Amino acid sequence: MSASPFPPSPCFGLGLRPSHYQEIVQGAPGACGVDWFEILSENYMIPGGKPLAMLDLIRRDYPLAMHGVSLSVGTPQGPSPDYLRDLKALVERVQPLWVSDHLCWTGTHGRNMHELFPLPYSEEALAVVVRNVLRVQDYLQRPILLENVSSYVSFHADSMREWDFVAAVAERSDSLILLDVNNVYVSSVNHGFDPRSYLDALPARRVRQIHLAGHSAQDGCIIDTHDRAVADPVWALYADALRRFGPVATMIERDDNIPPLAELAAELARARRLADAVCGAAREAA
C-alpha cells in the first residue's frame, strides 16, 4: 500500500464542534478563515439525526478529515468488526481527506473504557499494533494516520523510546503519522526528554497532519486537556516541526471551554502566519 495516495490538501483546519454548526453553515465557504474541518468519527457513526444532517451540509463547502478515539489498535484482539463496519460506512459517506485515530488501546474484550491508554514500547506491542493497522488499512482500502498520545506513566516492559516506536509502527505497517505537537511537549515535560529528539526521529515522509492544542498543570505534571489556547512552548515546538517536516496540514483542537469560532479562527491564523514565516525562511535559505 502506497504511503502517498492523498490529493493535495488545504493546510489549516479546526475541529468541528456542534456549537459552531450554525455559524459555519450560514457563512460563506472559507469566511471563517478555515480551510477544512476535522470531525470526531464516533459522533457521526449513527444511522441519522441532526449531527449527520449538519455534517452533510458542511461537507458541501469544506473538505473533512475523520479522527477517531475508539479504534484501539493496541488491543491484542484488534479493532471491533462492528466498529470497523460503521467506520467504513462513514468513510464512504464523507469521502474524507484522510482517516486517523490514536496509537493506543481503549479497552479490551469488547469493552471500550473511553480512555486513550498508552502502550508499552516493546517488540511484542509493536507486533500487535502493526498487525492491527494492516488489518484496518486492508479493510478500509486506504492508509490511516496514527496520533502519538500524551502519557503520564511508563512501563517496565519498555525496550525502546516512544519516538522510535511511533516511527517503527509507521514504517512496518506503511501507515502515516498524525503528529500531536502538544502531546510531544506534554510527554517531554512529564518524562524529562528533549522534545526535539522526538521530532528528529520521525520519518518526515510519514508525517501528514499536525495537531495543536492547549494543556494545563495538575498535581506536578501537565495534562493534555484541550481546554485553553496553545501555549508558547508548543508554538515554539511547532516552529521546529515545520522546519523538520515542512508545511504539513495543521489544525487546532479545543474540546472544553470552547470559545466562539472567530476566536479559534484567530488562533489558527497565528499558525498560518508562523508556517508562512518558517517555511518562507527555509525556502530562501535553500
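Tutor: Contact means heavy atoms within 4.5 Å. This is a predicted model, in which local features need pLDDT of at least 70 and side-chain atom pairs count only at pLDDT 80 or more, while totals for chains, interfaces and linings use all residues. Residues are numbered from 1 along each chain as its sequence is written, and side-chain values use heavy atoms, with hydrogens and water left out.

Student: Leaving aside neighbours within four places in sequence, which residues is Ala 239 in contact with?

Tutor: Ala 239 is in contact with Leu 274 and Val 278, once neighbours within four places in sequence are left aside. Ala 239 itself is found in helix α8. Helices (H or I, at least four residues) and strands (E, at least two) are DSSP runs, numbered from the N terminus.

Student: Is Ala 239 buried or exposed?

Tutor: Buried means under 20% relative accessible area, exposed over 50%, and partly exposed in between (1.4 Å probe, protein chains only). Ala 239 has a relative accessible area of 7%, so it is buried.

Student: How is the packing of two helices described?

Tutor: Two packed helices are described by the angle between their axes and the distance between the axes. Axes are lines fitted to C-alpha atoms, for helices over the stretch in contact, and angles run from 0 to 180 degrees between N-to-C directions. Here helix α8 (residues 232-245) packs against helix α9 (residues 261-285) at an angle of about 40 degrees, and their axes are 9 Å apart.

Student: What is the word for the way α8 and α9 lie to each other?

Tutor: Angles under 35 degrees count as roughly parallel, over 145 as roughly antiparallel, 65 to 115 as roughly perpendicular, and the rest as oblique. α8 and α9 are therefore oblique to each other. On the α8 side the contact is made by residues including Trp 235, Ala 239 and Leu 242, and on the α9 side by residues including Leu 274, Ala 275 and Val 278.

Student: How many residues of each class are in the contact of α8 with α9?

Tutor: Ala, Val, Leu, Ile, Met, Phe, Trp, Tyr, Cys and Pro count as nonpolar, Asp, Glu, Lys and Arg as charged, and the others, Gly among them, as polar. The contact of α8 with α9 has nine nonpolar, no polar and four charged residues.

Student: At what angle do the axes of α4 and α5 cross?

Tutor: Helix α4 (residues 123-140) and helix α5 (residues 162-173) cross at roughly 40 degrees, and their axes come within 9 Å. α4 and α5 are therefore oblique to each other. Among the residues that meet are Leu 126, Val 129 and Val 133 in α4, and Phe 165 and Val 169 in α5. This contact of α4 with α5 divides into nine nonpolar, two polar and two charged residues.

Student: Which residues of helix α2 are buried?

Tutor: In α2 (residues 50-58), Leu 52, Met 54, Leu 55 and Ile 58 are buried. Seen down the axis of α2, these buried residues fall within an arc of 160 degrees, so they line one face of the helix. The arc is that of the directions from the helix axis to the C-beta atoms. The cover over the buried residues of α2 includes α1 (21-26), β2 (36-40), β3 (64-67) and α3 (81-94).

Student: Where does His 20 lie?

Tutor: His 20 lies in the loop between β1 (12-15) and α1. With 4% relative accessibility, His 20 counts as buried. Beyond neighbours within four places in sequence, the contacts of His 20 are Ile 258, Pro 259, Pro 260, Leu 261 and Leu 264.
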